[in-house]
Amino acid sequence: IITTNMNIYIEGNIGTGKSTFLDFLKNNLGNETCSYIQEPVDQWLALMDSKGKNILEYFYEDQDKWSFAFQMNSFVSRIKKIEDNKKEINLIERSVYTDRYCFALNCFNEGKMSEIEYKIYCQWHEWLCNHFPVKPHGLIYLKNSAEECDRRIKQRSRNGESGIPLDYLEKLGHLHDTWINKEPNVLEIELEYGIYENKEKMAEILEKVKAFIKQ
């Protein structure tokens, strides 16, 4: 039975192909009761200062200085985008829980975010998650190696991402695995290179997603 505000999150490391996969679902699932909500990267890129630099560029250039500001902006902008676009079924690129248990935690573990900043972040994160309908019905976890993620990041050449080191992707991959393994309702999918050209394989994946949403 499908309930209102069913949130299915498309999760995965940077460069796993979440946006492409969400577009694939939109083109093949359709359904006017579904909302396909992309990560608000366009908002982050548009948030510039008088020098013409955006918050994503600042974050990757100097995480010691910008981790707290970026992570606070990230989860607030995610919630707003869901509120602005939600329907009966929401297929959403990345969640506020990834922000907390992967990105913000990594910033704290690496000393990029102070203990006080991290506590402030977690307190507001908990409050917002309790006051807005963002809890997941399920997670679709896209798996790829850090090396494959690195290749895709270089290929798409998104503004602000050119300086992402491989070891950062490896740490995020580990944190994703640790967090996802604790979640009760997960559909794991491996999107190897060139998989979209394999129509039989993609049809199989689509059927798995349909069954996952209906459960």
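Trainee: Which residues are linked with Glu 39 in a network of salt bridges?

Mentor: The network joins Glu 39, Arg 78, Arg 94 and Asp 99. Keep in mind that this is a predicted model, where local features need pLDDT of at least 70 and side-chain atom pairs count only at pLDDT 80 or more, while totals for chains, interfaces and linings use all residues. Residues are numbered from 1 along each chain as its sequence is written, and side-chain values use heavy atoms, with hydrogens and water left out.

Trainee: What makes Asp 99 and Arg 78 a salt bridge?

Mentor: The rule asks for a side-chain nitrogen of Lys or Arg within 4 Å of a carboxyl oxygen of Asp or Glu. For Asp 99 and Arg 78 the closest N and O atoms are 2.7 Å apart, so the pair qualifies. Asp 99 sits in helix α5 (residues 96–109) and Arg 78 in helix α4 (residues 63–85), so the bridge ties together parts that are 21 residues apart in sequence. Helices here are DSSP runs of H or I with at least four residues, numbered from the N terminus.

Trainee: Are Asp 99 and Arg 78 buried or exposed?

Mentor: Buried means under 20% relative accessible area, exposed means over 50%, and partly exposed is in between (1.4 Å probe, protein chains only). Asp 99 comes out at 1% and Arg 78 at 4%, so both count as buried.

Trainee: How many salt bridges does the rule give?

Mentor: The count comes to 17. Among them, Arg 151 meets Glu 148 at 2.8 Å, N to O, and Asp 150 meets Lys 154 at 2.8 Å, N to O.

Trainee: How far apart in helix α7 are Asp 150 and Lys 154?

Mentor: They are four residues apart, which puts about one helical turn between them. Arg 151 and Glu 148 lie in α7 (residues 146–156) too, three residues apart, again about one turn. An α-helix has 3.6 residues a turn, so residues three or four places apart point the same way.

Trainee: Why is Lys 154 called exposed?

Mentor: Its relative accessibility is 57%, so Lys 154 clears the cut-off for exposed.

Trainee: What do the buried residues of α7 pack against?

Mentor: They pack against α8 (166–180), with contact meaning heavy atoms within 4.5 Å. The buried residues of α7 are Ala 146, Glu 148, Cys 149, Asp 150, Arg 152 and Ile 153.

Trainee: Why is α4 called roughly parallel to α6?

Mentor: The axes of α4 and α6 come within 10 Å and cross at roughly 5°. That makes α4 roughly parallel to α6, as angles under 35 degrees get that label, over 145 is roughly antiparallel, 65 to 115 is roughly perpendicular and the rest is oblique. Residues in contact include Phe 68 and Phe 75 in α4, and Ile 120 and Trp 124 in α6.

Trainee: What makes Ile 116, Ile 120, Trp 124 and Trp 127 a nonpolar patch?

Mentor: Patch members need over 30% relative accessible area and no salt bridge, with nonpolar side chains (Val, Leu, Ile, Met, Phe, Trp, Tyr) joined within 5 Å and like charges within 9 Å. Ile 120, for one, is partly exposed at 32%. Together the four residues have about 420 Å² of accessible area, computed by the Shrake-Rupley method with a 1.4 Å probe and only the protein chains shown as cover for residues.

Note on methods
Helix = DSSP H or I, 4+ residues; strand = E, 2+ residues; numbered from the N terminus. Axes fitted to C-alpha atoms, helices over the stretch in contact; angles between N-to-C directions.
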